[in-house]
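Q: Please take a close look at one helix of this protein and at what surrounds it, starting from the overall fold.

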Amino acid sequence: MNDKNEYVGTVNASSGEKQMGDTSGLKTLKRFRPRPHWYALRATYGREKKAYDYMVCQGRTAFYPTIKRMKLVDGKKRSVEESRIPNLLFVYGLEAEIRHLLGENADLSFLRFYCGHSHVGTRMVTSPLVIPDAQIESLKIICDSENEDILFVPDDVSKFREGQLVRVVHGAFEGVTGRVARYRGQQRVAVVVDGLFSMATAYVPSAFLEKL
């Protein structure tokens, strides 16, 4: 069964009138249920870790991209986990449920949806930015590699948006789908999150790429 739909009633195939009881010869009306998605959330003043911990405690699926760096702490070198994308995390779920979580907890007033803009007819509509599952999976692969040459690229750098769409089929970044371009002296593949940023791999040779 397609889980996007749910039964809500029947209508007469010839008259279009809603019917109850005997449904022989009647069409079944269906409507789309809301579907869960990945959403980008902005946490002000570097509080994305606090927001991530809260979401996980609430049983939510969340993704908080991090990197481990060696730093001097109290005169000793220690491995410190830091946010790879400042002020940003991703949460999976129904938009209404995430809104409810944000609205019911005053301690999360620092957390907001990132929104995108689209045209509906002549109107400009603003709605929470949905991140495709494939992009989240590619971001996870890139971040899990712990490569020091991974780059966070601001959205105003257009080079990757214009690149060939490819999939990495070998190497540390195998499974990443994104746009290929030469950036800072190396051929890289970037996940382009429209309106926000691009996350670029370290060097990937052409032999490791498959055009899509």
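A: The protein has three helices and 18 strands, where helices (H or I, at least four residues) and strands (E, at least two) are DSSP runs numbered from the N terminus. This is a predicted model, in which local features need pLDDT of at least 70 and side-chain atom pairs count only at pLDDT 80 or more, while totals for chains, interfaces and linings use all residues. Residues are numbered from 1 along each chain as its sequence is written, and side-chain values use heavy atoms, with hydrogens and water left out.

Helix α2 spans residues 95-104, and within it I98, L101 and L102 are buried, buried meaning under 20% relative accessible area and exposed over 50%, with partly exposed in between (1.4 Å probe, protein chains only). Seen down the axis of α2, these buried residues fall within an arc of 95°, so they line one face of the helix; the arc is that of the directions from the helix axis to the C-beta atoms. The face of α2 turned away from this buried side carries the exposed residues A96, H100 and G103.

The buried residues of α2 pack against β4 (37-43), α1 (48-57), β8 (88-93) and β9 (111-113), a contact being heavy atoms within 4.5 Å. For the protein as a whole, buried residues make up 36% of the 212 residues, and among contacts between residues at least 6 apart in sequence, 59% join residues at least 24 apart.
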